[in-house]
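Colleague: Could you help me learn to read how two parts of a protein meet? Let's look at one together.

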Amino acid sequence: STTPVKVAVTGAAGQIGYSLLFRIASGALFGADTPVELRLLEITPALKALEGVVMELDDCAFPTLAGVQIGDDPNTIFDGVNHALLVGARPRGPGMERGDLLEANGGIFAPQGKALNSVAADDIRVTVTGNPANTNALIAMSNAPDIPKERFSALTRLDHNRAISQLAAKTGASVTDIKKMTIWGNHSATQYPDLFHTLVGGRVAAEVVNDQQWLESTYIPTVAKRGAAIIDARGSSSAASAASATIDHVHDWAAGTPADDWVSMSVCSDGSYGVPEGLISSFPVTVANGTWSIVQGLEIDDFSRGRIDATVKELGEERDAVKGLGLI
Ligand code: NAX
């Protein structure tokens, strides 16, 4: 039999965890023939609730679930893990400034980065879903000097999937007709969903739509503010869709991308497209053999340039803020 893949999930007793764990346990990441072992990290007060979730996992009798371990110490939970899905984060509370938020999350992602650095498996791959995801990933990466930088990523796949879904609705195409979607920059309201390289049935999406006004005033804000619209409607933030996007991201990082498509991942910039080296920024990437590569050679027009520069500027400001706080 195959050795189980060890998958750590933090914030496992939270909303996203409640959807994510069952997908992972059912084999959605690596297929029905690869057993997975779950390593679930929570803060101490949430461990009792997490025990209840584990009871439900047991009750599913998933054939692919080889074991579950829970705890509140990252040095124990991350021991030997191949994938770490960092979902647990500190949400912005009332009256909290951005600096406070970054500092609170630094208190989570710096020690988790250090723990991964000392105890994770050699092939560790880290995916940060917890917000502010890009900067949290930067903090974890900066605190794990022995792990190659390309093993850290942040989730912009939910934005990518939202962008595909909105474009499909506008054009009447099915989601499978849409290829080469790109989200650039930060997982925040400044993100830029780019329709100038996206294809709808093989044709450039911006030309199919042929409506710059819709693109600027409807499409981009609808995609970028979708999280807020979900909160308005549901009374709590996106959870099942965020879990599904996290599955897509990790699945494709392991399995690779098809020859005629790419995905959006926030990864450590090598300076491509004028994004300063070292920032964790969303790019179009292809994946082969567990390694991502930023798609090269795309032509960026003035409109796209302005949008990319604005979201990357925000990432630079977040980096400067956490640097100022001594977190990186
Ligand atoms: P919840 O508040 O339901 O769950 C978060 C869990 O994390 C809680 O159970 C909490 O106890 C735990 N936690 C806090 N600090 C921890 C630590 N140091 N170690 C381990 N666990 C810890 O939030 P949920 O709705 O599940 O969302 C989780 C994160 O995902 C949030 O930061 C949220 O903003 C972010 N999101 C990111 C998205 C993305 O596309 N990148 C979209 C969805 C979501 O908004």
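Colleague: What distance separates the centres of domain 1 and domain 2?

Modeller: The centres, taken over C-alpha atoms, are 23 Å apart. Domain 1 covers 5–154 and domain 2 covers 157–318, with bounds from an automatic or database domain assignment. This is a predicted model, where local features need pLDDT of at least 70, side-chain atom pairs count only at pLDDT 80 or more, and totals for chains, interfaces and linings use all residues. Residues are numbered from 1 along each chain as its sequence is written, and side-chain values use heavy atoms, leaving out hydrogens and water.

Colleague: How many residues of each domain are in contact?

Modeller: Contact means heavy atoms within 4.5 Å. Here 30 residues of domain 1 touch 34 residues of domain 2.

Colleague: How much area do domain 1 and domain 2 bury between them?

Modeller: Buried area is the accessible area (1.4 Å probe) that two parts lose on being put together, summed over both. For this pair it is about 2500 Å², with 61% on carbon and sulfur atoms. Gln-15, Leu-29 and Asn-134 supply 23% of the area that domain 1 buries against domain 2, more than any other three residues.

Colleague: How many salt bridges does the rule find across the interface?

Modeller: A salt bridge is a side-chain nitrogen of Lys or Arg within 4 Å of a carboxyl oxygen of Asp or Glu. Across this interface the rule finds 0.
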